[in-house]
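I opened a new structure today and kept short notes.

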Amino acid sequence: MVIITPKHGRELHFYFTCISSTTNTAQKEHCVSGIYSLKKKEGRKGGKGRLPFCLLGRFLCASFTTPTGFCFICRLALVYNQRLYQGQNRVEKEGNAVVSSSSMARAEANGPATVGVEDLVLLPQLSEKAIMENLKLRHSKDLIYTNIGPVLLSVNPFKNIPNLYSDERVAFFRSGGKSNGRGDSGNGNNLGGPHIFALAEDTYRTMVSDGENQCVIISGESGAGKTEASKQIMQYISAVSGDTEEMQRVKHIILASNPLLEAFGNAKTVRNDNSSRFGKFFEIFFDNMGGPIGGRMSNFLLEKSRVVSQQKGERNFHVFYQMCRGADASLRERLKLRNPEEFFYLKQGGVRDRAGIDDAQEWAEMLDAMNSIQLSKENQQSIFDILALILHLGELQFGPPSSGNRAEGAGSSNSLVVLNREELTFCATLLGVDADAMERALTRRRLAMGSSEVVEVPLDVQQCENTRDAVSKTLYHHLFDYIVDSINTALGKKKYDLMLGVLDIYGFEVFNKNGFEQFCINYVNEKLQQIFIELTLKVEQEEYVREKIPWEEVKYFNNKVVCDLIEGSQPPGLFAVIDDVCATMTKEKESVADIKMLDKLDAVHAGNRHFNRTERGFFVKHYAGDVHYDSDGFTNRNKDTISADLSLLLRSSTNTFVLGILEEILNDAVDADTSGGGGRKKRATTAGFKIRQQASHLVKTLMGCNPHYLRTIKPNDEKQPNYADEARMLHQVKYLGLLENLRVRRAGYSYRQYFDKFLKRFKYISPATFPRPFRGSDRDACAAILRHVDGVLPSGSWHLGQQKIFLRQPQHLFALEGLRDAAFDKMVHKIQRGWYRYLQNKEGIRLKAYMARSYDKAGKVRRADSVFRPYVGDYLDYHTELAPLHPFVEFDPVGSSWKEYWTSDRKKYYHNYALQSTQWERPRELSQRKIIFTGFVDRVVDHQNASLERDILVVTDMAIFLFHERTEVLVQPTARGQSKRSRASAPPQTVSTVRRVLQKRIDLRYLSSISVTGQADTVLLLHVYQPSLPYREVVSKPVKGARQCECCNSKLSVVTKKQNCPGCGRVCCLKGCLVYARPMPMLLGHTKPMLVCPSCINGEPHEPVEDVLLLTHMRTELAALLRKTYYQLMCNRLPMVIGNSLSYRLFNEDEQRSITATTSASTIETEVTASGPTSLTVISPPGISRDKIESINAAREQRRLAEAERRRKEEEEERSREAAREMEREEEHKRLVEERRRARAAAAEEEEARRLEQEQINQQKREAEAKLVAERSKR
């Protein structure tokens, strides 16, 4: 036991625990080369503390109390952990891929075991099923994040995972992935690995360090966790950015705007209770120091059709339900609000509530959000008026007029009217228009007949409802735009230096019926995939060129052909054809226009292999797969305009708020009504045109940023935690294009790393680079490592660039990791042995100093090897080299008889069935034997002739064992099947074997004293109390499976009772052999009758216990160890006699024998001769003087100081080289960033030049057309 007192003064007891490969549990409790369990001295039995672990050695370094905090052996930092060694893995980020393997468990002992593959780039096989299986496996262990190189994948857990987004994890990633000393998080998960905070940290730090705009593109289907992911990114950026008052204001607005956006933009769908029904791009503006100073949000693809219709099981936007349930009484009365189920627009889905959500409480949070963005009370009331107006518009019912509801000037009897006039009047009041004018606009349409005549055409019920719904959708769409503009106004518009954007957009959508909305969403995803491929391949190609590696053509699906199919101009793309149909067939019915659209699409793109027409729609071959679009409603949804009658009605409104939010659409309507040159009308803007414009602007913005990607996946449609639907996940893996992303990433070389970092990780593989540093460049060192493993890595699997090393396949990296793992195993054992030797040397110095004082008092002459030999203790490596001796040393029939029992009140006690004794304290015999010393010794076996025998000495904390190795020749039995004649003619075959025989076992408590001579010899004399019956050789053999009694040779059946003889350990039958009672000597000195076999009654097979005369060069160490162990065992000092005339006694001899020590200058080694029947003479060489000892010690100290100075200089040189490499890399990185900036600026200038040129061409065309029209009008 080692007692260490830390600085805070509490005394701690550390008990050794081994982490070696042994399977013996008891053996692990006292191995000195391992980790420790901690126990306070105050008497409490529990409580493991935080212990430091050496990263490389996997064991606790005793130097952890030093102020440096580094292991003095391997010079690696110490890591604190609440729990002991668990065989856990470490995850490190290597280059462009997160590398994870079981070999990293040797590098850090406090991370959880890696589940699956953390980076899909390292998957052994590439398939969508392999990707899904890996994601499913990690999801089952609450590991929801996985990487594809720099792309992060997230699987929605549908539950709260403890500490997944804790402050501790924020601090971990904020500090660059370094632990804060507290070790594991609360749920035991490692803080590192793939995580959204790691993505956010990389995005933010890259923006600040490189001075480049960044963006995070989040995509996935509804319910996959996009909104939550964007909120976590915002939360992290808010936590790690600046802390001034203005910055705190911006952060507050960014976070406070979430409830407002969710209220107006989110809705309950079949797949998600809080589904975002719009795409948003949130830009956060920073100063050059990384402090937020403002922001801007852009929205697109709002699902405004949800305002007027919902599918079964879905709801309208949250804000309607929140207002109906959370508005105060005055507001409800003024706006005539009712329960949600009483409004047509809110009851179509048949669902009014969300599980676990209080709409009234969220209404209050939404009001707080409005106040946070400084919306005035008047504007808030106007917003509520518009929401109520939309709800009441949905209540308008149309039918033929009757005498009670016919309005004055209602016109033809074929015209429909609004049946519920009160609702109409209230809607007109909220809208600020005349009720009759509103009714005419909803029930009739004005058509121009020629240049001067205008007629009114009555609408049917369906057309009236469509017109009503168009007003509702238009109002809500522009109200949502107003909310977004209000957030942007609150964020402020200041000059900024850097921008970080977060794009939250629908992922690729494929349903049973796909309409115009899916077409637009998938088009935007095609554009984003085009950016991904272009930027990824561009970065790959730039790196290959920079590293001077031959560029290999990457085979991938280039979706530019699909983008051209959708948005192209020559030939006209799908959007252009749809827009043309909408413009030329405005007076046709919707179904007719849809059929005409299909005909024109087929005529233009019939030969395109990525387009295929069907009876009810068309197929488009997207990058993620083929999608069929149903043509029903395509043209109507693409128009995205209101009729001239509705435009005229809205322009007549007296509600300034309505006019303000509809200003853009009303101005467009005015421009469309006015004639241009030659009388041509301006073509109305379509939804497809707006989508293309938004996508173009978005792509331009993203191309000016450094993109980061987050793909979200929904594991099941039931929103159940701990469940993954393989079919659903496989569907999303396919339509998110993960396999395509993986192929692009795996193209060429899948792993690359800087030379110095590769060398730092894999230098342990080659003897040329470890343990001595490589004398040469890092590039040459990496080449030496790879040449050393040439038999493992195939030729052509690696390439050396200018600054990086490239590996082609993940399997090659795994092979290197396996070699590193094997090297670490060897290194760990070497370090453990070195640490053990250090401890033993340290203990040996103390013991020798203690013995030196006794020697000096007695005037003993010293030998040089005794003074300067480094002490090890276990010289013969007991655990490996002496493994055959373990049964002899560990066999203890008395100690193994102790068993654990419990009382009725759960108190533990121990009972020995051999001794028939009981005690409360844990018996000492149950503890594993601690090996104190092993080594070869010469023992005097014939005291009359002074004959010596070479023996193996093993000293434990309880006994001394002497083993003799003898070579025996065994005759092999004749093989079966041979005839008697062949047996007689063939000579017998023999084989030699080495047998170790236990000659003596001496209990340490039987030692009476030890004696040494006063000369420089190697003699050590052990004096013992001689019991009446000596110990015998005991070799325990397993009883289970024994088929023959080793005493009487009778056969033993399965049911025969059998047992080991306590005396010799042989398997004997209880009935016939173990019937003799013999007094066996106990450890406490008394005897006890025990049943033994006849051999143990009739005679002694080996030597008795008596005084022992040993000759060993480790005499001083052995004597000191015996005295120390005896004191720990008996709490008394073991006497030691020093003199030139010593006496001893053998077994059954009454006369004592004597030893006389002399010195001879001609003697090199100690000699023992017989000088009489009972006397021996020991002749030794001359010893070494004290002055000589001091001079040698001084020389040794000088060499030690010189070696320490050399190591210090090497470390300084290595640190300076490392700093120089980092500086070079930083300069290279700055140069690359500057080159990218210049390239982007040149590309922007080129794009602007092309735009101006195209604008000039278009202007010339318009002028030519106007001139031609003017000439025609003159004719």
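**Core.** I looked up the largest nonpolar core in this predicted model. It has 108 residues. F264, F320, I383, M438, L475 and Y476 have the most contacts inside it.

I picked M438 and listed its contacts, leaving aside neighbours within four places in sequence. M438 touches L393, L424, C427, A428, L431, V433 and L649. I also found a second, separate core of 92 residues. Among its members are F516, V581, A724 and L736.

**Helix 1.** I checked the length of helix 1, residues 128-140. At 1.5 Å a residue, its 13 residues should span 18 Å. Its end C-alpha atoms are 18 Å apart, so the two agree.

Which residues of helix 1 are buried? I noted I131, M132, N134, L135, R138 and H139. Seen down the axis of helix 1, they fall within an arc of 165°, so they line one face. I recalled that an α-helix has 3.6 residues a turn, so residues three or four places apart point the same way.

I then looked for what covers these buried residues. The cover includes strand 8 (145-148), strand 9 (151-155) and strand 23 (706-713). It also includes helix 23 (726-735) and helix 24 (738-746). After helix 1 comes D142, with a positive phi near 60°.

**Whole protein.** I counted 33 helices and 45 strands. Of the 1275 residues, 50% count as buried. Among contacts between residues at least 6 apart in sequence, 65% join residues at least 24 apart. The accessible surface comes to about 61,100 Å². Carbon and sulfur atoms account for 51% of that surface.

Methods. Residues are numbered from 1 along each chain as its sequence is written. This is a predicted model: local features need pLDDT of at least 70, side-chain atom pairs count only at pLDDT 80 or more; totals for chains, interfaces and linings use all residues. Side-chain values use heavy atoms; hydrogens and water are left out. Helices (H or I, at least four residues) and strands (E, at least two) are DSSP runs, numbered from the N terminus. The expected span of a helix is 1.5 Å times one less than its number of residues. Buried means under 20% relative accessible area, exposed over 50%, partly exposed in between (1.4 Å probe, protein chains only). The arc is that of the directions from the helix axis to the C-beta atoms. Contact means heavy atoms within 4.5 Å. A nonpolar core is a set of buried Ala, Val, Leu, Ile, Met, Phe, Trp, Tyr and Cys residues joined through side-chain atoms within 4.5 Å. Accessible areas come from the Shrake-Rupley method with a 1.4 Å probe; for residues, only the protein chains shown count as cover.
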